[in-house]
2 protein chains.
Amino acid sequence: MSDFSAWASAHQSRFEETLKRLLPQPDIMPQRLHAAMRYSVLDGGKRVRPLLAFAAGELAGAPLERVEIAAAAVEIIHAYSLVHDDMPCMDDDVLRRGKPTCHVEYDEATALLVGDALQSLAFQLLSEHLLNEDAATQLQMVRLLAVASGSRGMGGGQAIDLDSVGKQLTLPELEQMHIHKTGALIRCAILLGAHCGHLTQAQFDQLDRYGKCIGLAFQVVDDILDSEADTATLGKTAGKDADNDKPTYVTLLGVSAAKKMAAELHGQAIEALTDLGAPAQRLRELADFIVMRKF
Amino acid sequence: MSDFSAWASAHQSRFEETLKRLLPQPDIMPQRLHAAMRYSVLDGGKRVRPLLAFAAGELAGAPLERVEIAAAAVEIIHAYSLVHDDMPCMDDDVLRRGKPTCHVEYDEATALLVGDALQSLAFQLLSEHLLNEDAATQLQMVRLLAVASGSRGMGGGQAIDLDSVGKQLTLPELEQMHIHKTGALIRCAILLGAHCGHLTQAQFDQLDRYGKCIGLAFQVVDDILDSEADTATLGKTAGKDADNDKPTYVTLLGVSAAKKMAAELHGQAIEALTDLGAPAQRLRELADFIVMRKF
(Lines give C-alpha, C1' and ligand atoms only; values in the text may rest on other atoms or scores of the structure.)
Protein backbone atom coordinates (compact mmCIF):
# COMPACT_ATOMS: atom_id res chain seq x y z
CA MET A 1 0.00 0.00 0.00
CA SER A 2 1.45 3.33 -1.02
CA ASP A 3 2.06 6.09 1.46
CA PHE A 4 -0.92 7.97 -0.03
CA SER A 5 -3.27 5.02 0.32
CA ALA A 6 -2.25 4.59 3.94
CA TRP A 7 -2.74 8.30 4.60
CA ALA A 8 -6.15 8.31 2.93
CA SER A 9 -7.47 5.22 4.65
CA ALA A 10 -6.24 6.31 8.07
CA HIS A 11 -8.04 9.61 7.61
CA GLN A 12 -11.16 7.94 6.24
CA SER A 13 -11.41 5.61 9.27
CA ARG A 14 -10.80 8.34 11.77
CA PHE A 15 -13.27 10.62 9.98
CA GLU A 16 -15.98 7.97 10.10
CA GLU A 17 -15.65 7.92 13.90
CA THR A 18 -15.81 11.71 13.96
CA LEU A 19 -19.02 11.69 11.93
CA LYS A 20 -20.54 9.09 14.26
CA ARG A 21 -19.79 11.38 17.17
CA LEU A 22 -21.02 14.59 15.50
CA LEU A 23 -24.30 13.25 14.10
CA PRO A 24 -27.26 13.20 16.52
CA GLN A 25 -27.34 9.90 18.39
CA PRO A 26 -30.14 7.55 17.30
CA ASP A 27 -31.58 7.25 20.81
CA ILE A 28 -32.32 10.98 21.01
CA MET A 29 -35.79 12.19 20.04
CA PRO A 30 -36.90 12.27 17.25
CA GLN A 31 -35.26 8.87 16.92
CA ARG A 32 -36.44 7.95 13.44
CA LEU A 33 -35.21 11.22 11.97
CA HIS A 34 -31.85 10.85 13.70
CA ALA A 35 -31.49 7.24 12.55
CA ALA A 36 -32.27 8.33 8.98
CA MET A 37 -29.72 11.16 9.19
CA ARG A 38 -27.04 8.69 10.29
CA TYR A 39 -28.09 6.21 7.59
CA SER A 40 -27.63 8.91 4.96
CA VAL A 41 -24.20 10.08 6.05
CA LEU A 42 -22.35 7.11 7.56
CA ASP A 43 -20.63 4.25 5.73
CA GLY A 44 -20.70 6.03 2.49
CA GLY A 45 -18.63 7.40 -0.29
CA LYS A 46 -14.98 7.99 -0.90
CA ARG A 47 -14.97 11.09 1.31
CA VAL A 48 -13.16 13.01 -1.44
CA ARG A 49 -14.18 16.41 -0.04
CA PRO A 50 -12.94 15.62 3.48
CA LEU A 51 -9.65 14.26 2.09
CA LEU A 52 -9.18 17.50 0.18
CA ALA A 53 -9.88 19.45 3.38
CA PHE A 54 -7.35 17.33 5.29
CA ALA A 55 -4.67 17.87 2.67
CA ALA A 56 -5.33 21.62 2.56
CA GLY A 57 -5.36 21.73 6.36
CA GLU A 58 -1.96 20.00 6.54
CA LEU A 59 -0.58 22.52 4.06
CA ALA A 60 -1.86 25.35 6.27
CA GLY A 61 -0.56 23.81 9.50
CA ALA A 62 -4.08 23.39 10.91
CA PRO A 63 -4.88 21.09 13.85
CA LEU A 64 -6.54 17.94 12.49
CA GLU A 65 -9.37 18.04 15.05
CA ARG A 66 -10.45 21.41 13.70
CA VAL A 67 -10.17 20.39 10.07
CA GLU A 68 -12.30 17.35 10.83
CA ILE A 69 -15.17 19.57 11.95
CA ALA A 70 -14.94 21.68 8.80
CA ALA A 71 -14.69 18.52 6.68
CA ALA A 72 -17.74 17.07 8.43
CA ALA A 73 -19.75 20.21 7.69
CA VAL A 74 -18.90 19.97 3.99
CA GLU A 75 -19.52 16.22 3.80
CA ILE A 76 -22.87 16.61 5.58
CA ILE A 77 -23.91 19.24 3.02
CA HIS A 78 -22.85 16.82 0.28
CA ALA A 79 -24.84 14.00 1.92
CA TYR A 80 -27.97 16.14 2.22
CA SER A 81 -27.74 17.08 -1.44
CA LEU A 82 -27.61 13.39 -2.41
CA VAL A 83 -30.66 12.57 -0.26
CA HIS A 84 -32.71 15.31 -1.91
CA ASP A 85 -31.28 14.58 -5.38
CA ASP A 86 -32.38 10.96 -5.16
CA MET A 87 -36.00 11.83 -4.32
CA PRO A 88 -38.76 10.93 -6.79
CA CYS A 89 -39.34 14.55 -7.81
CA MET A 90 -35.64 14.91 -8.71
CA ASP A 91 -33.57 11.96 -10.04
CA ASP A 92 -35.87 9.29 -8.58
CA ASP A 93 -33.03 6.93 -7.77
CA VAL A 94 -33.26 3.86 -5.56
CA LEU A 95 -29.60 3.00 -5.04
CA ARG A 96 -26.81 5.07 -3.53
CA ARG A 97 -23.47 3.91 -2.22
CA GLY A 98 -24.67 0.33 -2.63
CA LYS A 99 -27.66 0.84 -0.31
CA PRO A 100 -31.32 1.79 -0.84
CA THR A 101 -31.66 5.56 -1.00
CA CYS A 102 -33.06 7.36 2.05
CA HIS A 103 -36.62 7.76 0.75
CA VAL A 104 -36.69 4.05 -0.16
CA GLU A 105 -35.30 2.87 3.19
CA TYR A 106 -37.48 5.34 5.15
CA ASP A 107 -40.06 7.39 3.26
CA GLU A 108 -40.22 10.56 1.19
CA ALA A 109 -41.27 12.91 3.96
CA THR A 110 -38.46 11.64 6.17
CA ALA A 111 -35.94 12.04 3.34
CA LEU A 112 -37.07 15.63 2.89
CA LEU A 113 -36.61 16.36 6.60
CA VAL A 114 -33.29 14.48 6.71
CA GLY A 115 -31.85 16.70 4.03
CA ASP A 116 -33.15 19.83 5.72
CA ALA A 117 -31.85 18.85 9.14
CA LEU A 118 -28.46 17.83 7.74
CA GLN A 119 -28.05 21.25 6.20
CA SER A 120 -28.79 22.92 9.56
CA LEU A 121 -26.36 20.56 11.25
CA ALA A 122 -23.55 21.57 8.91
CA PHE A 123 -23.93 25.21 9.94
CA GLN A 124 -24.26 24.24 13.58
CA LEU A 125 -20.91 22.41 13.40
CA LEU A 126 -19.16 25.37 11.77
CA SER A 127 -20.45 27.74 14.44
CA GLU A 128 -20.25 25.78 17.67
CA HIS A 129 -16.69 24.43 17.55
CA LEU A 130 -13.59 26.60 17.67
CA LEU A 131 -12.08 26.36 14.18
CA ASN A 132 -9.90 29.44 14.11
CA GLU A 133 -8.61 31.71 16.89
CA ASP A 134 -10.10 34.61 14.98
CA ALA A 135 -13.91 34.51 15.17
CA ALA A 136 -14.18 36.79 12.13
CA THR A 137 -12.29 34.21 10.05
CA GLN A 138 -14.64 31.53 11.29
CA LEU A 139 -17.66 33.65 10.32
CA GLN A 140 -16.06 33.90 6.90
CA MET A 141 -15.96 30.09 6.80
CA VAL A 142 -19.71 29.98 7.51
CA ARG A 143 -20.22 32.39 4.63
CA LEU A 144 -18.08 30.30 2.27
CA LEU A 145 -20.13 27.19 3.01
CA ALA A 146 -23.45 29.04 2.70
CA VAL A 147 -22.50 30.52 -0.67
CA ALA A 148 -21.10 27.22 -1.95
CA SER A 149 -24.33 25.43 -0.97
CA GLY A 150 -26.88 27.97 -2.07
CA SER A 151 -28.49 29.26 -5.22
CA ARG A 152 -25.21 30.66 -6.57
CA GLY A 153 -23.43 27.39 -5.76
CA MET A 154 -24.51 23.76 -5.50
CA GLY A 155 -28.25 24.46 -5.35
CA GLY A 156 -28.05 26.71 -8.37
CA GLY A 157 -26.14 24.02 -10.26
CA GLN A 158 -28.92 21.56 -9.55
CA ALA A 159 -31.49 24.04 -10.83
CA ILE A 160 -29.49 24.50 -14.05
CA ASP A 161 -29.25 20.71 -14.26
CA LEU A 162 -33.06 20.40 -13.98
CA ASP A 163 -33.55 22.93 -16.73
CA SER A 164 -31.05 21.15 -18.98
CA VAL A 165 -32.93 17.85 -19.29
CA GLY A 166 -33.55 17.16 -22.97
CA LYS A 167 -31.62 20.25 -24.04
CA GLN A 168 -28.49 20.44 -26.13
CA LEU A 169 -26.05 22.40 -23.97
CA THR A 170 -22.87 23.94 -25.26
CA LEU A 171 -19.59 23.02 -23.56
CA PRO A 172 -19.41 26.37 -21.70
CA GLU A 173 -22.99 25.87 -20.47
CA LEU A 174 -22.22 22.37 -19.23
CA GLU A 175 -19.12 23.73 -17.53
CA GLN A 176 -21.15 26.47 -15.83
CA MET A 177 -23.56 23.88 -14.53
CA HIS A 178 -20.83 21.72 -13.05
CA ILE A 179 -18.77 24.57 -11.66
CA HIS A 180 -21.86 25.26 -9.56
CA LYS A 181 -23.22 21.79 -8.95
CA THR A 182 -20.04 19.93 -8.00
CA GLY A 183 -17.22 22.43 -8.19
CA ALA A 184 -18.41 24.94 -5.60
CA LEU A 185 -18.50 22.48 -2.72
CA ILE A 186 -15.19 20.84 -3.63
CA ARG A 187 -13.54 24.25 -3.76
CA CYS A 188 -15.17 25.11 -0.45
CA ALA A 189 -13.83 21.93 1.20
CA ILE A 190 -10.29 22.94 0.28
CA LEU A 191 -10.68 26.53 1.48
CA LEU A 192 -12.34 25.54 4.75
CA GLY A 193 -9.54 23.07 5.50
CA ALA A 194 -6.99 25.81 4.88
CA HIS A 195 -8.92 28.37 6.98
CA CYS A 196 -8.44 26.13 10.03
CA GLY A 197 -4.76 27.09 9.73
CA HIS A 198 -2.89 29.96 8.15
CA LEU A 199 -1.85 30.77 4.59
CA THR A 200 -0.94 33.96 2.79
CA GLN A 201 -3.47 35.41 0.35
CA ALA A 202 -1.26 34.35 -2.56
CA GLN A 203 -1.25 30.78 -1.25
CA PHE A 204 -5.04 30.86 -0.86
CA ASP A 205 -5.34 31.99 -4.46
CA GLN A 206 -3.13 29.13 -5.66
CA LEU A 207 -5.15 26.63 -3.64
CA ASP A 208 -8.35 28.04 -5.05
CA ARG A 209 -7.09 27.69 -8.61
CA TYR A 210 -6.25 24.08 -7.84
CA GLY A 211 -9.75 23.64 -6.36
CA LYS A 212 -11.49 25.00 -9.44
CA CYS A 213 -9.58 22.66 -11.78
CA ILE A 214 -9.95 19.58 -9.63
CA GLY A 215 -13.65 20.23 -9.04
CA LEU A 216 -14.32 20.24 -12.74
CA ALA A 217 -12.01 17.26 -13.35
CA PHE A 218 -13.98 15.34 -10.72
CA GLN A 219 -17.19 15.82 -12.68
CA VAL A 220 -15.68 14.97 -16.06
CA VAL A 221 -14.34 11.72 -14.58
CA ASP A 222 -17.75 11.05 -13.00
CA ASP A 223 -19.37 11.31 -16.40
CA ILE A 224 -16.78 8.97 -17.93
CA LEU A 225 -17.27 6.40 -15.15
CA ASP A 226 -21.04 6.72 -15.41
CA SER A 227 -20.82 5.83 -19.09
CA GLU A 228 -18.29 2.99 -18.73
CA ALA A 229 -18.70 1.30 -15.35
CA ASP A 230 -21.54 -0.92 -14.20
CA THR A 231 -23.96 -0.35 -11.33
CA ALA A 232 -22.27 -2.85 -8.99
CA THR A 233 -18.91 -1.08 -9.26
CA LEU A 234 -20.37 2.41 -8.88
CA GLY A 235 -22.73 1.56 -6.02
CA LYS A 236 -25.26 3.78 -7.74
CA THR A 237 -27.31 3.35 -10.89
CA ALA A 238 -24.95 3.51 -13.88
CA GLY A 239 -25.76 5.23 -17.18
CA LYS A 240 -28.49 7.21 -15.42
CA ASP A 241 -27.62 10.62 -16.77
CA ALA A 242 -27.46 9.58 -20.41
CA ASP A 243 -30.67 7.56 -19.94
CA ASN A 244 -32.36 10.63 -18.48
CA ASP A 245 -31.34 12.60 -21.51
CA LYS A 246 -29.07 14.78 -19.41
CA PRO A 247 -26.08 16.30 -21.15
CA THR A 248 -22.72 14.99 -19.88
CA TYR A 249 -19.12 15.52 -20.96
CA VAL A 250 -19.27 12.11 -22.62
CA THR A 251 -22.48 12.74 -24.56
CA LEU A 252 -21.17 16.16 -25.58
CA LEU A 253 -17.53 15.37 -26.37
CA GLY A 254 -17.32 11.59 -26.68
CA VAL A 255 -15.31 9.42 -24.29
CA SER A 256 -11.90 10.06 -25.75
CA ALA A 257 -12.15 13.88 -25.76
CA ALA A 258 -13.64 13.76 -22.24
CA LYS A 259 -10.60 11.78 -21.08
CA LYS A 260 -8.31 14.29 -22.71
CA MET A 261 -10.15 17.09 -20.92
CA ALA A 262 -9.78 15.34 -17.55
CA ALA A 263 -6.04 14.96 -18.16
CA GLU A 264 -5.70 18.65 -19.05
CA LEU A 265 -7.58 19.77 -15.94
CA HIS A 266 -5.38 17.47 -13.88
CA GLY A 267 -2.31 19.13 -15.37
CA GLN A 268 -3.66 22.60 -14.60
CA ALA A 269 -4.45 21.59 -11.02
CA ILE A 270 -0.90 20.33 -10.50
CA GLU A 271 0.53 23.46 -12.08
CA ALA A 272 -1.47 25.68 -9.69
CA LEU A 273 0.38 24.02 -6.80
CA THR A 274 3.90 24.74 -8.12
CA ASP A 275 4.76 27.55 -5.73
CA LEU A 276 3.36 25.65 -2.75
CA GLY A 277 6.19 23.12 -3.06
CA ALA A 278 6.54 19.91 -1.07
CA PRO A 279 3.84 20.64 1.56
CA ALA A 280 1.24 20.39 -1.23
CA GLN A 281 2.21 16.81 -2.05
CA ARG A 282 -1.02 15.30 -0.67
CA LEU A 283 -3.05 17.65 -2.87
CA ARG A 284 -1.08 16.43 -5.90
CA GLU A 285 -1.74 12.84 -4.92
CA LEU A 286 -5.44 13.62 -4.48
CA ALA A 287 -5.50 15.12 -7.95
CA ASP A 288 -4.07 11.84 -9.26
CA PHE A 289 -6.61 9.88 -7.22
CA ILE A 290 -9.57 11.92 -8.47
CA VAL A 291 -8.60 11.59 -12.11
CA MET A 292 -7.47 7.95 -12.03
CA ARG A 293 -10.19 6.47 -9.79
CA LYS A 294 -12.30 3.61 -11.13
CA PHE A 295 -15.50 4.28 -9.14
CA MET B 1 -54.85 53.32 14.04
CA SER B 2 -53.14 52.59 17.33
CA ASP B 3 -49.52 53.36 17.92
CA PHE B 4 -48.77 49.61 17.79
CA SER B 5 -50.53 49.13 14.46
CA ALA B 6 -48.58 52.03 13.01
CA TRP B 7 -45.31 50.64 14.36
CA ALA B 8 -46.05 47.16 13.02
CA SER B 9 -47.11 48.26 9.58
CA ALA B 10 -44.18 50.65 9.17
CA HIS B 11 -41.81 47.81 10.05
CA GLN B 12 -43.64 45.35 7.80
CA SER B 13 -43.39 47.68 4.79
CA ARG B 14 -39.76 48.49 5.38
CA PHE B 15 -38.96 44.81 5.95
CA GLU B 16 -40.59 43.84 2.66
CA GLU B 17 -38.18 46.18 0.86
CA THR B 18 -35.28 44.68 2.81
CA LEU B 19 -36.30 41.17 1.75
CA LYS B 20 -36.57 42.28 -1.88
CA ARG B 21 -33.03 43.57 -1.66
CA LEU B 22 -31.57 40.55 0.16
CA LEU B 23 -33.15 37.81 -1.97
CA PRO B 24 -31.31 36.93 -5.20
CA GLN B 25 -32.55 39.12 -8.04
CA PRO B 26 -34.73 37.30 -10.58
CA ASP B 27 -32.51 38.25 -13.52
CA ILE B 28 -29.52 36.43 -12.07
CA MET B 29 -28.87 32.84 -13.17
CA PRO B 30 -30.52 30.45 -12.38
CA GLN B 31 -33.45 32.78 -13.01
CA ARG B 32 -36.29 30.33 -12.47
CA LEU B 33 -34.94 29.23 -9.09
CA HIS B 34 -34.43 32.82 -8.01
CA ALA B 35 -37.92 33.82 -9.14
CA ALA B 36 -39.36 30.87 -7.18
CA MET B 37 -37.38 31.84 -4.09
CA ARG B 38 -38.77 35.37 -4.25
CA TYR B 39 -42.28 34.04 -4.89
CA SER B 40 -42.04 31.93 -1.72
CA VAL B 41 -40.80 34.67 0.58
CA LEU B 42 -42.23 37.98 -0.64
CA ASP B 43 -45.76 39.36 -0.13
CA GLY B 44 -46.54 36.85 2.50
CA GLY B 45 -47.54 36.38 6.05
CA LYS B 46 -47.86 38.57 9.08
CA ARG B 47 -44.09 38.61 9.64
CA VAL B 48 -44.63 37.75 13.30
CA ARG B 49 -41.07 36.50 13.78
CA PRO B 50 -39.50 39.64 12.29
CA LEU B 51 -41.76 41.86 14.43
CA LEU B 52 -40.62 39.97 17.52
CA ALA B 53 -37.00 40.46 16.45
CA PHE B 54 -37.60 44.20 15.92
CA ALA B 55 -39.19 44.57 19.35
CA ALA B 56 -36.37 42.63 21.04
CA GLY B 57 -33.81 44.64 19.08
CA GLU B 58 -35.34 47.93 20.25
CA LEU B 59 -35.21 46.68 23.82
CA ALA B 60 -31.52 45.86 23.38
CA GLY B 61 -30.69 49.17 21.70
CA ALA B 62 -29.73 47.46 18.44
CA PRO B 63 -29.45 49.34 15.12
CA LEU B 64 -32.53 48.51 13.02
CA GLU B 65 -30.50 47.77 9.89
CA ARG B 66 -28.73 44.96 11.73
CA VAL B 67 -31.90 43.56 13.26
CA GLU B 68 -33.47 43.50 9.80
CA ILE B 69 -30.76 41.13 8.56
CA ALA B 70 -31.25 38.81 11.52
CA ALA B 71 -35.04 39.00 11.06
CA ALA B 72 -34.67 38.22 7.37
CA ALA B 73 -32.58 35.13 8.16
CA VAL B 74 -35.28 33.84 10.52
CA GLU B 75 -38.15 34.66 8.16
CA ILE B 76 -36.34 33.00 5.26
CA ILE B 77 -35.92 29.83 7.36
CA HIS B 78 -39.65 30.02 8.16
CA ALA B 79 -40.50 30.47 4.47
CA TYR B 80 -38.36 27.49 3.43
CA SER B 81 -40.08 25.31 6.01
CA LEU B 82 -43.49 26.26 4.59
CA VAL B 83 -42.38 25.45 1.04
CA HIS B 84 -41.19 21.99 2.06
CA ASP B 85 -44.15 21.43 4.40
CA ASP B 86 -46.62 22.08 1.59
CA MET B 87 -45.04 19.52 -0.75
CA PRO B 88 -47.04 16.43 -1.74
CA CYS B 89 -44.92 14.08 0.40
CA MET B 90 -45.64 16.23 3.47
CA ASP B 91 -48.92 18.13 3.91
CA ASP B 92 -49.73 18.23 0.18
CA ASP B 93 -51.26 21.68 0.32
CA VAL B 94 -52.10 23.85 -2.67
CA LEU B 95 -52.79 27.20 -1.02
CA ARG B 96 -50.53 29.34 1.15
CA ARG B 97 -50.91 32.99 2.01
CA GLY B 98 -53.73 33.21 -0.53
CA LYS B 99 -51.51 32.05 -3.41
CA PRO B 100 -50.79 28.66 -4.99
CA THR B 101 -48.02 26.90 -3.07
CA CYS B 102 -44.54 26.85 -4.60
CA HIS B 103 -44.72 23.32 -6.01
CA VAL B 104 -48.07 24.15 -7.62
CA GLU B 105 -46.93 27.46 -9.11
CA TYR B 106 -43.57 25.99 -10.20
CA ASP B 107 -42.99 22.26 -9.79
CA GLU B 108 -41.95 19.84 -7.06
CA ALA B 109 -38.28 19.68 -7.93
CA THR B 110 -38.07 23.46 -7.94
CA ALA B 111 -39.89 23.66 -4.59
CA LEU B 112 -37.37 21.23 -3.12
CA LEU B 113 -34.44 23.32 -4.38
CA VAL B 114 -36.13 26.58 -3.31
CA GLY B 115 -36.35 25.35 0.28
CA ASP B 116 -32.77 24.14 0.25
CA ALA B 117 -31.41 27.36 -1.23
CA LEU B 118 -33.44 29.53 1.16
CA GLN B 119 -31.91 27.71 4.10
CA SER B 120 -28.40 28.37 2.77
CA LEU B 121 -29.31 32.00 2.17
CA ALA B 122 -30.38 32.45 5.80
CA PHE B 123 -26.93 31.37 6.99
CA GLN B 124 -25.25 33.47 4.34
CA LEU B 125 -27.08 36.56 5.62
CA LEU B 126 -26.11 35.88 9.23
CA SER B 127 -22.46 35.50 8.28
CA GLU B 128 -21.83 38.15 5.64
CA HIS B 129 -23.31 41.25 7.30
CA LEU B 130 -21.94 42.84 10.43
CA LEU B 131 -24.54 42.15 13.11
CA ASN B 132 -22.49 42.61 16.26
CA GLU B 133 -19.10 44.26 16.87
CA ASP B 134 -18.03 41.02 18.50
CA ALA B 135 -17.59 38.31 15.85
CA ALA B 136 -17.82 35.60 18.53
CA THR B 137 -21.32 36.82 19.44
CA GLN B 138 -22.27 36.73 15.79
CA LEU B 139 -21.01 33.15 15.48
CA GLN B 140 -23.21 32.39 18.46
CA MET B 141 -26.16 33.82 16.49
CA VAL B 142 -25.38 31.43 13.63
CA ARG B 143 -25.39 28.58 16.11
CA LEU B 144 -28.73 29.67 17.60
CA LEU B 145 -30.38 29.70 14.18
CA ALA B 146 -28.84 26.35 13.19
CA VAL B 147 -30.03 24.66 16.38
CA ALA B 148 -33.49 26.25 16.17
CA SER B 149 -33.86 25.03 12.56
CA GLY B 150 -32.40 21.57 12.87
CA SER B 151 -33.32 18.15 14.18
CA ARG B 152 -33.49 19.36 17.78
CA GLY B 153 -35.61 22.34 16.74
CA MET B 154 -38.05 23.02 13.91
CA GLY B 155 -37.03 20.05 11.76
CA GLY B 156 -37.33 17.72 14.72
CA GLY B 157 -40.79 19.10 15.48
CA GLN B 158 -41.86 18.33 11.94
CA ALA B 159 -40.58 14.78 12.30
CA ILE B 160 -42.55 14.34 15.53
CA ASP B 161 -45.55 15.81 13.71
CA LEU B 162 -45.21 13.24 10.92
CA ASP B 163 -45.04 10.42 13.42
CA SER B 164 -48.11 11.73 15.25
CA VAL B 165 -50.58 11.38 12.39
CA GLY B 166 -53.44 9.16 13.53
CA LYS B 167 -52.02 8.85 17.04
CA GLN B 168 -53.57 9.99 20.29
CA LEU B 169 -50.92 12.29 21.81
CA THR B 170 -50.95 13.38 25.43
CA LEU B 171 -50.88 17.10 26.16
CA PRO B 172 -47.17 17.03 27.14
CA GLU B 173 -46.37 15.20 23.89
CA LEU B 174 -48.27 17.75 21.84
CA GLU B 175 -46.47 20.50 23.72
CA GLN B 176 -43.08 18.89 23.00
CA MET B 177 -43.94 18.75 19.32
CA HIS B 178 -44.88 22.42 19.14
CA ILE B 179 -42.05 23.66 21.33
CA HIS B 180 -39.84 22.23 18.59
CA LYS B 181 -41.91 22.84 15.48
CA THR B 182 -43.02 26.43 16.03
CA GLY B 183 -41.55 27.52 19.34
CA ALA B 184 -37.86 27.10 18.58
CA LEU B 185 -37.80 29.53 15.66
CA ILE B 186 -39.99 32.13 17.41
CA ARG B 187 -37.67 32.03 20.41
CA CYS B 188 -34.71 32.30 18.09
CA ALA B 189 -36.16 35.38 16.36
CA ILE B 190 -36.35 37.16 19.70
CA LEU B 191 -32.85 36.19 20.79
CA LEU B 192 -31.29 37.11 17.45
CA GLY B 193 -32.94 40.53 17.54
CA ALA B 194 -31.54 41.08 21.03
CA HIS B 195 -28.06 39.84 20.06
CA CYS B 196 -27.80 42.69 17.55
CA GLY B 197 -27.67 44.94 20.63
CA HIS B 198 -26.72 44.43 24.25
CA LEU B 199 -28.55 42.96 27.24
CA THR B 200 -27.43 41.46 30.53
CA GLN B 201 -27.65 37.70 30.93
CA ALA B 202 -30.60 38.14 33.32
CA GLN B 203 -32.41 40.20 30.70
CA PHE B 204 -31.70 37.55 28.07
CA ASP B 205 -33.18 34.93 30.38
CA GLN B 206 -36.34 36.99 30.88
CA LEU B 207 -36.68 37.51 27.14
CA ASP B 208 -36.19 33.82 26.56
CA ARG B 209 -38.93 32.93 29.06
CA TYR B 210 -41.22 35.34 27.21
CA GLY B 211 -40.22 33.68 23.93
CA LYS B 212 -41.02 30.18 25.15
CA CYS B 213 -44.52 31.21 26.33
CA ILE B 214 -45.38 33.24 23.29
CA GLY B 215 -44.10 30.55 20.92
CA LEU B 216 -46.46 28.01 22.42
CA ALA B 217 -49.32 30.52 22.63
CA PHE B 218 -48.85 31.20 18.91
CA GLN B 219 -49.42 27.54 18.10
CA VAL B 220 -52.43 27.16 20.40
CA VAL B 221 -54.04 30.16 18.71
CA ASP B 222 -53.14 28.73 15.30
CA ASP B 223 -55.00 25.55 16.16
CA ILE B 224 -58.03 27.53 17.37
CA LEU B 225 -58.08 29.63 14.20
CA ASP B 226 -57.62 26.54 12.04
CA SER B 227 -60.72 25.03 13.63
CA GLU B 228 -62.86 28.19 13.53
CA ALA B 229 -61.88 30.36 10.57
CA ASP B 230 -62.50 29.69 6.92
CA THR B 231 -59.96 29.23 4.14
CA ALA B 232 -60.48 32.69 2.65
CA THR B 233 -59.69 34.41 5.95
CA LEU B 234 -56.66 32.23 6.71
CA GLY B 235 -55.19 32.35 3.20
CA LYS B 236 -54.37 28.68 3.66
CA THR B 237 -56.53 25.59 3.74
CA ALA B 238 -58.60 25.66 6.94
CA GLY B 239 -59.37 22.62 9.07
CA LYS B 240 -56.46 20.80 7.45
CA ASP B 241 -54.86 19.42 10.59
CA ALA B 242 -58.04 17.95 12.01
CA ASP B 243 -58.91 16.56 8.57
CA ASN B 244 -55.48 14.95 8.37
CA ASP B 245 -56.11 13.32 11.71
CA LYS B 246 -53.34 15.36 13.28
CA PRO B 247 -53.64 16.09 16.99
CA THR B 248 -54.16 19.78 17.80
CA TYR B 249 -54.84 21.69 21.00
CA VAL B 250 -58.46 21.94 19.91
CA THR B 251 -58.92 18.23 19.18
CA LEU B 252 -57.17 17.38 22.44
CA LEU B 253 -58.67 19.98 24.80
CA GLY B 254 -61.72 21.36 23.04
CA VAL B 255 -62.00 24.98 21.91
CA SER B 256 -62.82 26.51 25.23
CA ALA B 257 -59.94 24.90 27.18
CA ALA B 258 -57.60 25.75 24.30
CA LYS B 259 -58.65 29.39 24.57
CA LYS B 260 -58.05 29.30 28.31
CA MET B 261 -54.58 27.86 27.70
CA ALA B 262 -53.76 30.61 25.22
CA ALA B 263 -54.83 33.22 27.78
CA GLU B 264 -52.66 31.62 30.46
CA LEU B 265 -49.62 31.50 28.24
CA HIS B 266 -50.22 35.13 27.32
CA GLY B 267 -50.25 35.99 31.04
CA GLN B 268 -47.01 34.12 31.64
CA ALA B 269 -45.36 35.86 28.71
CA ILE B 270 -46.35 39.28 30.06
CA GLU B 271 -45.15 38.33 33.53
CA ALA B 272 -41.73 37.32 32.20
CA LEU B 273 -41.29 40.90 30.97
CA THR B 274 -41.98 42.56 34.34
CA ASP B 275 -38.38 43.47 35.20
CA LEU B 276 -37.74 44.75 31.68
CA GLY B 277 -40.13 47.65 32.28
CA ALA B 278 -41.27 50.17 29.73
CA PRO B 279 -38.73 49.34 27.00
CA ALA B 280 -40.46 45.95 26.64
CA GLN B 281 -43.79 47.56 25.73
CA ARG B 282 -43.67 46.44 22.07
CA LEU B 283 -43.14 42.85 23.19
CA ARG B 284 -46.26 43.11 25.39
CA GLU B 285 -48.23 44.48 22.47
CA LEU B 286 -46.96 41.68 20.27
CA ALA B 287 -48.11 39.15 22.86
CA ASP B 288 -51.57 40.73 22.67
CA PHE B 289 -51.44 40.69 18.89
CA ILE B 290 -50.41 37.03 18.72
CA VAL B 291 -53.13 35.88 21.07
CA MET B 292 -55.92 38.12 19.77
CA ARG B 293 -55.27 37.86 16.02
CA LYS B 294 -58.06 36.62 13.77
CA PHE B 295 -55.90 35.09 11.01
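How many of the 21 residues of H6(A) are buried?

Author: This is a predicted model, in which local features need pLDDT of at least 70 and side-chain atom pairs count only at pLDDT 80 or more, while totals for chains, interfaces and linings use all residues. Residues are numbered from 1 along each chain as its sequence is written, and chains are lettered from A and ligands numbered from 1 in the order in which they are written.

Of the 21 residues of H6(A), 19 are buried, so this helix is largely enclosed by the rest of the structure. Here a residue is buried if 20 or more other C-beta atoms lie within 10 Å of its own, exposed if 12 or fewer, and partly exposed in between, with C-beta atoms placed from the backbone. Helices (H or I, at least four residues) and strands (E, at least two) are DSSP runs, numbered from the N terminus.

Helix H6 of chain A covers residues 108-128, and at 1.5 Å a residue it should span 30 Å; its end C-alpha atoms are 30 Å apart, which agrees. The expected span is 1.5 Å times one less than the number of residues in the helix.

The counterpart in chain B belongs to the contact between the chains. That contact takes 41 residues from chain B and 41 residues from chain A, where two residues are in contact if their C-beta atoms, placed from the backbone, lie within 7 Å. On the side of chain B that touches chain A, at least two residues come from each of helix H2 (31-41), helix H6 (108-128), helix H7 (135-149) and helix H8 (154-164) of chain B. H6(B) gives the most to this side, with 13 residues.

The copies meet through the same surface, because 100% of the interface residues of chain B are also interface residues in chain A.

As for confidence, the model scores ipTM 0.95 and pTM 0.96. The mean pLDDT of chain A is 93, and 94% of its residues reach 70 or more; pLDDT is the predictor's confidence in each residue, from 0 to 100.
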